[in-house]
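The exercises below are meant to be worked through with the sequence and the model side by side. Please try each task before reading the solution that follows it.

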Amino acid sequence: MSNTTLVAEWYNKNASLENNRLISGKLEFALTLKTILSFLSMNNASLQIADIGGGTGRYAIELAKLDHKVTLCDISQRELALAAENVKAANVTLEAIVCADASKLRESSFFEKEKFDAVLLLGPLYHLLEREERVAVLANCAAMTKTNGIIFASFITKFGHLRDVARRDPGRLVQEKEFYETYLENGRYERRKDNFSHHSHPDEIRDLFREIPGLNVEKLVACESFLGFWVAEGLNGLCGEEFQDWVDVVGGFADDPCVLGASEHILVVARRV
């Protein structure tokens, strides 16, 4: 079983880093939010939304600005403290801010069957090493979601990690050959003592959702599209129409099967039926 206490400790120590990650990952944030809003806009009402693993509240705040009723949940107390500060600075209100472990949702005070119109799960799944753990979390999220509600779940790709190794430390592939041979087979990234993660292939993601009764995958989105994270950083200095034009262009290819492997993060949109 995955040691989620280690995950909580890492995020508590690195809360500021995570708070700034979606600033350096400006395209990832924009495409993810655009996808979320495109599905939520099908229903113009104020929706009940759970943001599980929502960290410092970047997505929760944007959704609250649109008058949705958002419950923010994360495993890190320090990140939630930053979230409270961010919520105050944005002058919005959340339904609740709850410290809870996504792998223990049924033990959480906010677990309630068929309560939420939408559930965001943008992080917890890639901190669970075992497939059955990921299946259990998705099943619990499905239980919390109303019929016809939407689950948005994110994954890290093996290709994204390997690109990062090639960019920063290409010799590592030979120096740690045995580790990477195993990693390519199972996606378990456990070479660090202070944290761990699981990285996926797009086909594996689709197979995972087939194990969850009542969840139909409607879309897979490459959150950095064909640019990948590091090339996409070149867009961070753009604003307004210049940036939005890039979002529209790369977003137009973000669900192309040929592009899914080019991205560091994949967002799955699944509907509970």
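Helices (H or I, at least four residues) and strands (E, at least two) are DSSP runs, numbered from the N terminus. This is a predicted model, in which local features need pLDDT of at least 70 and side-chain atom pairs count only at pLDDT 80 or more, while totals for chains, interfaces and linings use all residues. Residues are numbered from 1 along each chain as its sequence is written, and side-chain values use heavy atoms, with hydrogens and water left out.

**Exercise 1. A cysteine in a helix**

Solution. Next take the accessibility, for which buried means under 20% relative accessible area, exposed over 50%, and partly exposed in between (1.4 Å probe, protein chains only). Then list the contacts, which means heavy atoms within 4.5 Å. Finally, compare sequence with space: C141 and L173 are 32 residues apart along the chain, and their C-alpha atoms are separated by 37 Å.

**Exercise 2. The overall fold**

Solution. For its dimensions, the C-alpha trace spans about 55 × 45 × 35 Å along the principal axes. The radius of gyration is taken over C-alpha atoms, and the globule rule is 2.2 Å times the number of residues to the power 0.38. Because the protein has 273 residues, a compact globule would have a radius near 19 Å, and the 18 Å of the protein agrees with this. Of the 273 residues, 52% count as buried. Turning to contacts between residues at least 6 apart in sequence, 76% join residues at least 24 apart.

**Exercise 3. Two enclosed strands**

Task: For strands β1 and β9, work out how many residues are buried, and then find the strands with which they pair.

Solution. Consider β1 (residues 48–52) to begin with: five of its five residues are buried, so the strand is largely enclosed by the rest of the structure. In a regular strand the side chains alternate between the two faces of the sheet. In β1, Q48, A50 and I52 point one way, whereas I49 and D51 point the other way. Two strands pair if DSSP finds at least two bridges between them; β1 and β2 (residues 69–74) pair in the parallel sense over five bridges, and D51 stands opposite L72 in β2.

Strand β5 (residues 145–157) pairs with β9 in the antiparallel sense over seven bridges, with I156 opposite H265. Strand β8 (residues 215–222) also runs antiparallel to β9 and is joined to it by seven bridges, and here the bridge partner of L215 is R272.

**Exercise 4. Positive phi in loops**

Task: Locate D67 and E114, and state how accessible D67 and E114 are.

Solution. Most residues other than glycine have a negative phi, and most peptide bonds are trans. D67, although not a glycine, has a positive phi of about 75°. D67 is found in the loop between α4 (58–65) and β2, and at 59% relative accessibility D67 counts as exposed. E114, likewise not a glycine, has a positive phi of about 55°. E114 is found in the loop between β3 (96–99) and β4 (116–121), and at 43% relative accessibility E114 counts as partly exposed.
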